[in-house]
Protein chains: 2
Amino acid sequence: MLKLAILGFLHDRPLHGYELRRHLAALTGHVRPISDGTLYPAIKRLETDGLLVRSTEPGAAAAPRHTLRLTDAGRATLLDRLRTPDDLDVSDENRWFTVLAFLRHLDGEPAAQAAVLRRRLAFLDEPASFFYDGDRPVGAEEATDPFRRGILLIARATTAAERDWLHTTLAELDHSA
Amino acid sequence: MLKLAILGFLHDRPLHGYELRRHLAALTGHVRPISDGTLYPAIKRLETDGLLVRSTEPGAAAAPRHTLRLTDAGRATLLDRLRTPDDLDVSDENRWFTVLAFLRHLDGEPAAQAAVLRRRLAFLDEPASFFYDGDRPVGAEEATDPFRRGILLIARATTAAERDWLHTTLAELDHSA
DNA sequence: TGACCATACCTCGAAGCCGAGGTATAGCAA
DNA sequence: TTGCTATACCTCGGCTTCGAGGTATGGTCA
């Protein structure tokens with residue numbers, strides 16, 4: 001997820017680590033902050049994998065900066081990951097939002113974008129609850145525990161809003177394809 | 001999060017590992033499945049920490065089962081964690097739902113339950129967006145990218161539903177306190 | 001001149017998670 | 001009797017993450 005986000009941000013334009021940090025903080029920071037000890041090793045991994053290159057420049061306001069630039073391999077990896085996200089990217093909301101944040105990078109391929117959205121739709125259409133009475137899913141109405149009731153109500157509202165948005169966006173994409 | 005979920009399920013009644021696995025699959029499995037290689041070491045950690053004990057029994061249909069039972073320390077740890085969840089438990093939706101799933105275990109303490117809900121409310125009231133134009137947060141209406149627009153729309157719907165539920169539930173808790 | 005802060009990057013050990021693989025037992029069907 | 005499936009548990013290496021700590025530069029302000 002971090003890898004995807006880094007590649008996604010760098011696709012727009014080269015950034016140095018500190019800027020990247022701030023972009024990441026804006027995207028997912030209020031939910032799940034990224035520490036330096038996570039970010040910098042991740043950058044190094046991407047570099048050794050040949051997905052990005054760094055060029056040192058004198059720092060504007062402080063220490064020298066390492067400007068990070070996506071390579072062709074990096075760009076290809078990003079687009080590939082966006083075209084075929086794995087199941088966790090589709091089911092976990094945090095990861096899914098990261099995919100959505102960069103899905104526009106597939107801008108020449110509305111059919112590929114639509115295919116990704118359809119995978120999410122399929123996931124949302126799977127009958128799945130959080131709680132079961134034996135094998136039977138427990139609906140929000142019958143939950144006696146107010147907190148579990150909350151989970152079900154919130155999940156239902158989210159799913160409804162997302163289905164709505166998915167359907168309208170898919171219609172637009174299909175139209176432009 | 002896994003630790004919290006295990007303690008939470010065992011608070012209801014003793015379970016063996018395989019049952020626990022199925023409970024966990026129902027709670028978070030459709031979003032984020034838990035593998036054996038995660039579950040069993042986690043159980044072992046809880047055991048060495050003295051939070052649960054296991055008693056081997058002949059298996060009903062197969063290999064012998066290890067029935068897991070919460071100790072007093074385990075029960076205390078669970079309640080403590082529910083009373084004072086850390087920030088990530090409050091901000092990350094996956095973790096927050098896990099807290100909610102077991103918050104009823106604080107049933108004698110409506111004030112403590114309300115305090116936890118209020119922390120979530122405070123988090124939701126923080127002005128936070130996913131995208132910024134400089135320092136200014138970008139609203140769903142101005143987002144030109146349809147996918148980022150989706151993120152903002154879905155997040156807005158979720159937040160609205162959750163605020164609603166939090167307010168009504170807090171009113172009930174305050175009434176019963 | 002010195003204190004302090006924001007910028008900018010990095011390392012290290014501890015811990016957790018994952019997937020792949022392994023070991024058994026019991027029941028059922030070909 | 002062979003094989004399959006479900007039950008039930010476990011280990012291992014590899015990878016990622018985290019937090020705590022460290023280094024260095026340049027600017028502001030007293």
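These are my notebook entries on a predicted model.

**Entry 1: chain A against chain B**

I looked up the contact between the two protein chains. I found 34 residues of chain A in contact with 34 residues of chain B. Next I asked which helices of chain A supply at least two residues each to the side that touches chain B. They are helix 2 (17-29), helix 5 (87-91), helix 6 (93-102) and helix 8 (146-176). Helix 8 of chain A gives the most, with 14 residues. I then sorted this side of chain A by class. I noted 20 nonpolar, five polar and nine charged residues.

**Entry 2: around DNA strand D**

I turned to the DNA. I listed 29 residues that surround DNA strand D. The closest come from both protein chains: Gly37(A), Thr38(A) and Ala62(A), with Gly17(B) and Ala62(B). Which elements give two or more residues to this surface? From chain A I wrote down helix 3 (36-48). From chain B I wrote down helix 2 (17-29), helix 3 (36-48) and strand 3 (65-70). Helix 3 of chain A gives the most here, with six residues.

**Entry 3**

I traced the strands of chain B. Three of them form an open sheet, in the order 1-3-2, with antiparallel pairing. Strand 1 (15-16) and strand 2 (52-57) are the edges, and each pairs on one side only. I followed strand 2 along strand 3 of chain B and found six bridges in the antiparallel sense. Across this sheet, Arg54(B) stands opposite Leu68(B), which lies in strand 3.

**Entry 4: helix 3 of chain B**

I checked the length of this helix. It has 13 residues, so at 1.5 Å a residue it should span 18 Å. Its end C-alpha atoms are 18 Å apart, which agrees. Just after the helix I came to Gly50(B), which takes a positive phi of about 75 degrees.

**Entry 5: helix 1 against helix 3 in chain B**

I looked at how helix 1 (residues 2-12) meets helix 3 in chain B. Their axes come within 10 Å and cross at roughly 70 degrees. The two helices are therefore roughly perpendicular. Which residues make the contact? Helix 1 of chain B brings Leu2(B), Lys3(B) and Ile6(B). Helix 3 of chain B brings Thr38(B), Ala42(B), Ile43(B) and Leu46(B). By class, I counted five nonpolar, one polar and one charged in this contact.

Methods. Residues are numbered from 1 along each chain as its sequence is written. Chains are lettered from A and ligands numbered from 1 in the order in which they are written. This is a predicted model: local features need pLDDT of at least 70, side-chain atom pairs count only at pLDDT 80 or more; totals for chains, interfaces and linings use all residues. Two residues are in contact if their C-beta atoms, placed from the backbone, lie within 7 Å. Helices (H or I, at least four residues) and strands (E, at least two) are DSSP runs, numbered from the N terminus. Ala, Val, Leu, Ile, Met, Phe, Trp, Tyr, Cys and Pro count as nonpolar, Asp, Glu, Lys and Arg as charged, and the others, Gly among them, as polar. A residue is near a molecule or strand if its C-beta atom, placed from the backbone, lies within 6 Å of it. Two strands pair if DSSP finds at least two bridges between them. The expected span of a helix is 1.5 Å times one less than its number of residues. Axes are lines fitted to C-alpha atoms, for helices over the stretch in contact, and angles run from 0 to 180 degrees between N-to-C directions. Angles under 35 degrees count as roughly parallel, over 145 as roughly antiparallel, 65 to 115 as roughly perpendicular and the rest as oblique.
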